[in-house]
Structure formats: C-alpha cells, structure tokens
Amino acid sequence: MQLLAIETSSDACSVALYQQGALLVHEAIMPKQHSQQLLPMIDALLAEGQTSLTACDAIAFGRGPGSFTGVRMAAGVAQGLAFGVNRPVIPISTLAAIAWQARVTDLQTYLLATLDARMHELYWAVYRLAANGLEEIQAESLTSYQDLRHFLKQAPFESPVICGPGWAAYAPKEEVCWQLAAPVLPSARSIAELAALNWHQRIDPADALPRYVRDKVAVMATIK
Amino acid sequence: MLVLGIESSCDETGVALYENGVGLIAHVLFSQVATHAAYGGVVPELASRDHIQKLLPLIGQLLTQSQRTLAEIQGIAYTRGPGLSGALLVGAAFAQSLAFARKLPCVGIHHMEGHLLSPLLEQNQPEFPFLALIVSGGHTLLVKVQALGDYEVLGESLDDAAGEAFDKTAKLMGLAYPGGPLLAKLAEQGDAMRYALPRPLLHRADLMFSFSGLKTAVAQLIDKEDLRCVKVQADIAASFQAAVIDVLVAKTLKAVKQTGLQQVVVSGGVSANVWLRTQLQAGLTQLGAKAFYPRLEFCTDNGAMIAFAGCLRLAAGQVSEFDFSVKPRWSLNELRL
C-alpha cells in the first residue's frame with residue numbers, strides 16, 4: 001500500500017509518503033507560505049521516494065479542525081490530486097493526529113487532544129488506543145477552557161494525558177496536576193499512519209471536505 | 001488545446017471548457033446569492049466553505065454535459081485574483097493540484113482580464129486595441145487594452161464600485177439583497193428628474209470615479225421623503241441610477257475622445273443595466289464609436305471567461321507551475337503576457 005498524506009492546518013506544513021510500512025516525511029514551519037511550498041514539497045517527496053502520484057493508492061489529508069484556510073487548502077489539494085489520478089481520499093482528524101503523536105503503549109490510557117481555536121476557545125477530543133489506531137471516546141468539541149475542565153471533572157475516566165498546543169494556551173501556569181505530552185502540532189506523519197490503519201474509510205474526492213467544528217462564523221442580519 | 005477554467009473569486013463558483021479553434025464547449029455556474037442573502041452581504045468565510053463543496057461536483061457536471069473526459073483536458077486556468085483570498089485559494093489549490101497530478105500546464109488568471117476579454121467569446125467581437133469599461137459590485141474600471149496582457153488602467157473608483165453603490169443604496173431603501181438589480185427595476189417606473197443628485201467628479205479632467213458621496217446624498221433624501229410612497233421610491237431609484245449612469249457614460253465618452261479608440265467593451269454585472277446601455281449607445285453613436293457586450297450570463301462572474309483568457313495565455317506559452325498563492329489585490333497594470 002502506498003499513501004500520500006498532506007497536513008496544513010497550522011503554521012506547520014508537512015507531507016508524508018507511506019510505502020509498505022516505511023515512512024518518508026518532509027515538514028517545516030512556514031506561516032503563510034503553504035500555498036507556494038506545498039506542491040514543490042510533494043514533488044520533492046515523491047522524487048525521494050522514487051515513486052509517482054499515480055503509484056499512490058489513496059491521498060490522505062488533515063481535515064481539521066484547525067485554521068479554516070489551512071484545512072480548506074489541504075482539502076482542495078487532496079481533491080485535485082485524487083481526482084487527477086482517479087484515487088480515493090482518506091480524511092483524518094487533526095485532533096486524532098495529535099493524540100496519535102502522543103500515544104502511550106498503555107491501552108487503558110486516555111488521550112485528550114487540544115488545539116487553540118482562538119476567541120477564548122479550544123478544539124478538543126478524547127481518544128484511547130485501539131486496533132485501528134484510535135478509538136474516539138469523546139467527539140470533537142469546541143468549548144472554553146472552563147467548560148473543558150468541567151467536562152474532565154465529570155468524565156467517567158481517570159485524568160488523561162493532555163496533548164496538543166490548545167491546553168497550554170489557556171491553562172493557568174500553576175496547573176500541575178495534569179500529565180502533559182509535548183505540545184506538538186499535527187503532522188502528516190500521523191495523518192499517513194492513521195490513514196493506513198483506516199484504509200476502509202476512503203471516500204470519493206468530491207466528498208473530501210474540511211471539518212471545521214466551529215460552524216457559527218457569521219451573524220444573520222437583523223430583519224427590520 | 002482544451003482548457004478547463006475555474007472561477008471562485010467571490011460568491012459564484014464557475015467552471016468551463018474552452019477549446020481554441022472550436023470555441024466555448026460548455027460552462028456551469030453555481031451562485032451563492034441565497035447563502036449570503038440572510039446576512040445582507042457576502043460573508044467571505046461562508047463563500048470559501050461553499051466553493052470547496054461545489055467545485056468538484058460542478059466539474060463532474062461540466063464533463064457530463066460536454067461529453068468530454070478528464071483525460072481530454074490539456075490545460076487548466078483559474079482566477080488568481082483580485083477577490084476574496086479564502087475563496088480564491090479554493091480554486092487555486094484545486095487547479096494547481098489537478099494540473100500537478102495530470103502533468104498539465106496551468107495558469108493563474110487576473111479576474112478583470114477575464115471580464116475585459118469576455119466579449120471575444122461572442123460572434124460580434126472587437127479587435128485589439130479597444131477600450132473597456134468594467135462595472136461590477138467590486139470594480140469600476142476604464143482600461144485601454146492594446147493587446148492580450150497589455151493593459152493600462154485609465155480610470156477607476158476612488159471609493160465604492162458602481163455596483164456596490166447600487167447595492168448599498170438599495171439596502172438604504174430597504175430592498176432585499178442583492179438590491180442593485182431590484183433598484184434598477186424600480187427605477188424603470190420612476191422620474192429621474194425629480195431629485196437633483198450630485199454627479200461626482202463629472203467635471204474633473206481625469207477619468208476617476210467616486211460613488212460613496214452619492215449614497216450619502218440618497219440617505220439624506222430618504223430622511224426627508226416618505227419611502228412608503230411607491231412613487232417616491234421609484235423616483236429616488238431613477239434619480240440615483242441616472243446620476244451613476246451619467247458619470248459612467250460621460251467618463252467613457254471622455255476616454256473615447258482622449259484615446260481615439262472607437263471600440264468599447266462593456267462588461268461586469270452593471271453592464272446588464274438597460275439605462276446604461278441605452279445612454280452609452282446614444283453617446284457612442286454621436287462619436288462614431290461602437291459598444292461590445294458579452295452575452296448577459298457572462299456579464300457577471302463565470303468560468304467561461306477564465307477558460308478563454310487561460311487558453312490564450314497557455315497558447316502563448318505562459319505557465320505558473322506548482323505555486324497556488326493568490327493575489328487578493330492585483331492591478332491590471334502589472335500584467336504582462
């Protein structure tokens with residue numbers, strides 16, 4: 001199985017090539033440069049892997065949540081590439097990608113993935129390691145830090161490992177009672193690995209759409 | 001060369017196939033007007049979200065309708081700017097990636113170049129050089145067109161675009177969104193002489209426009225008059241429309257005299273305005289000049305004009321490889337072939 005994975009939901013831009021279990025990854029932090037660098041990065045990655053796009057069985061992309069423009073870019077590129085070579089697409093959650101990057105071998109451990117959603121809110125979800133990568137325990141949500149803390153207090157599981165940059169953006173410095181993983185950004189590496197584990201989730205390119213989670217983006221005009 | 005054109009600069013997703021030597025093969029358009037109506041204007045984030053959902057299904061429709069296949073497409077063109085950055089990026093990312101996947105030449109097109117070349121899609125077409133008046137919700141431009149890629153902006157609006165003035169004034173009058181065409185319809189029954197509204201910059205020697213003051217003048221008028229009276233509404237609409245059109249026509253005629261160019265291309269959403277067409281025709285005839293319009297459906301944003309401009313540029317050997325950055329602000333003066 002050969003997969004190409006794209007992740008552009010943050011200031012980081014990364015692409016990964018999964019070839020029969022081996023992984024090649026190119027990544028860089030490049031705010032506002034994604035649109036110029038992404039395709040050249042894919043070109044260089046395929047060259048290094050001595051392969052071509054047509055040899056890929058599917059295209060995976062980080063479908064959000066994250067920067068609206070970033071996840072739309074990943075979706076647009078995934079659609080264009082996949083439609084062009086007549087291959088399916090595998091959309092992967094950026095929160096799942098973060099949890100996957102911070103995974104621990106203990107199957108009983110819960111992973112709380114967080115991203116800064118700005119406007120005093122976080123995107124977050126809870127996962128646990130499973131056969132197909134991750135099992136979603138709590139669906140992707142958008143809340144304030146206070147509401148997330150409230151959820152954790154009432155949650156039917158022990159304090160999770162907290163990963164992703166969202167938590168640190170809002171948690172007070174003195175909060176030491178939590179197990180924190182390094183606050184890494186989503187990477188195409190984990191998008192590729194999760195896509196390989198979720199091969200059955202491939203879809204038609206036209207259905208490869210972003211998942212924004214924040215859906216209220218405009219206020220209706222008041223009708224006089 | 002069969003070229004796929006993609007337009008996504010504002011609130012319409014348009015795709016088309018153009019083949020040189022053959023002409024326009026097919027085009028499909030989806031307008032987001034209904035999405036934005038509830039907000040009283042285009043919401044950029046919602047526009048972008050809609051483009052990414054509609055683009056690929058529209059291309060599927062385009063291929064089915066034209067009985068062509070993806071494998072037959074030999075080049076790809078997309079709108080690179082000006083426009084809403086998020087909206088532009090959807091078309092740009094998709095177009096460049098599709099071109100990358102199929103190893104096809106790809107080119108980013110200036111949206112206004114698409115508009116000013118659009119009458120060349122018709123039977124009755126001008127020859128280079130010509131003058132172009134582009135009037136839409138986002139732009140008011142007078143351009144000297146020497147040849148493909150050789151443009152000189154002679155005049156533009158210092159503030160609101162002509163179509164924007166129509167829409168904003170319609171909103172002041174309580175008309176539904178987008179109000180410009182409704183206001184023009186209302187004006188048909190009105191007395192354009194009833195209210196004396198200013199003709200901004202009419203007597204200035206240059207070819208610049210300004211429409212924001214006119215909107216303010218209407219706002220003051222609305223405060224004084226009883227808008228519940230249909231006659232008053234129609235007369236305000238007619239007086240406003242006459243003021244805008246007078247300036248557009250006068251400046252266009254001035255440009256004809258200054259440049260000596262006898263062919264005038266008129267494009268953009270406002271170019272569908274009946275009063276503009278009538279007045280301009282009268283003025284141009286006196287000067288021995290002639291107007292050229294795209295068909296009505298191509299006056300507004302569409303994929304056909306992008307496929308066409310793209311085909312010309314690709315045929316001339318221009319390609320922009322791999323880079324799908326967009327130009328939300330981009331002057332026609334910067335263009336080259």
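A residue is called exposed when its relative accessible area is over 50%, and buried when that value is under 20%. Keep these two cut-offs in mind during the tour, and remember that the model in your viewer is predicted.

Stop 1: Select chain A and colour it by secondary structure, which shows six helices and 10 strands. The radius of gyration of this chain is 18 Å, close to the 17 Å that the globule rule gives for 224 residues, so chain A is as compact as a globular protein of that length. Of the 224 residues of chain A, 56% count as buried, while the chain exposes about 10,000 Å², of which carbon and sulfur atoms supply 52%.

**Stop 2: a loop in chain A.** Now select A:His120, which you will find in the loop between strand 6 (110-118) and strand 7 (121-130) of chain A. Is A:His120 buried or exposed? Its relative accessible area is 66%, and because this is over the 50% cut-off, A:His120 counts as exposed. The phi of A:His120 is near 60°, a positive value in a residue other than glycine. Most residues other than glycine have a negative phi.

**Stop 3: a loop in chain B.** Move to B:Lys103, in the loop between helix 3 and strand 5 (106-110) of chain B. This residue also is not a glycine and has a positive phi, of about 55°, and B:Lys103 is exposed, with a relative accessible area of 73%.

**Stop 4: two cis peptide bonds.** Select B:Gly81 and B:Pro82 together, and look at the peptide bond from the one to the other, which is cis, with omega near -15°. B:Pro82 sits in the loop between strand 4 (75-81) and helix 3 (85-102) of chain B. Then go to B:Tyr177 and B:Pro178, where the peptide bond is cis with omega near -10°; B:Pro178 belongs to the loop between helix 5 and helix 6 of chain B. Most peptide bonds are trans.

**Stop 5: helix 5 of chain B.** Finally, select residues 162-172 of chain B, in which B:Ala162, B:Gly163, B:Ala165, B:Phe166, B:Thr169 and B:Ala170 are buried. Look down the axis of helix 5: these buried residues fall within an arc of 160°, so they line one face of the helix. Among the elements of chain B that they pack against are strand 6 (130-135), strand 7 (140-147) and helix 8 (230-259). Helix 5 is followed by B:Gly174, whose phi is positive, near 80°.

Definitions and conventions. Residues are numbered from 1 along each chain as its sequence is written. Chains are lettered from A and ligands numbered from 1 in the order in which they are written. This is a predicted model: local features need pLDDT of at least 70, side-chain atom pairs count only at pLDDT 80 or more; totals for chains, interfaces and linings use all residues. Side-chain values use heavy atoms; hydrogens and water are left out. Buried means under 20% relative accessible area, exposed over 50%, partly exposed in between (1.4 Å probe, protein chains only). Helices (H or I, at least four residues) and strands (E, at least two) are DSSP runs, numbered from the N terminus. The arc is that of the directions from the helix axis to the C-beta atoms. Contact means heavy atoms within 4.5 Å. The radius of gyration is taken over C-alpha atoms; the globule rule is 2.2 Å times the number of residues to the power 0.38. Accessible areas come from the Shrake-Rupley method with a 1.4 Å probe; for residues, only the protein chains shown count as cover.
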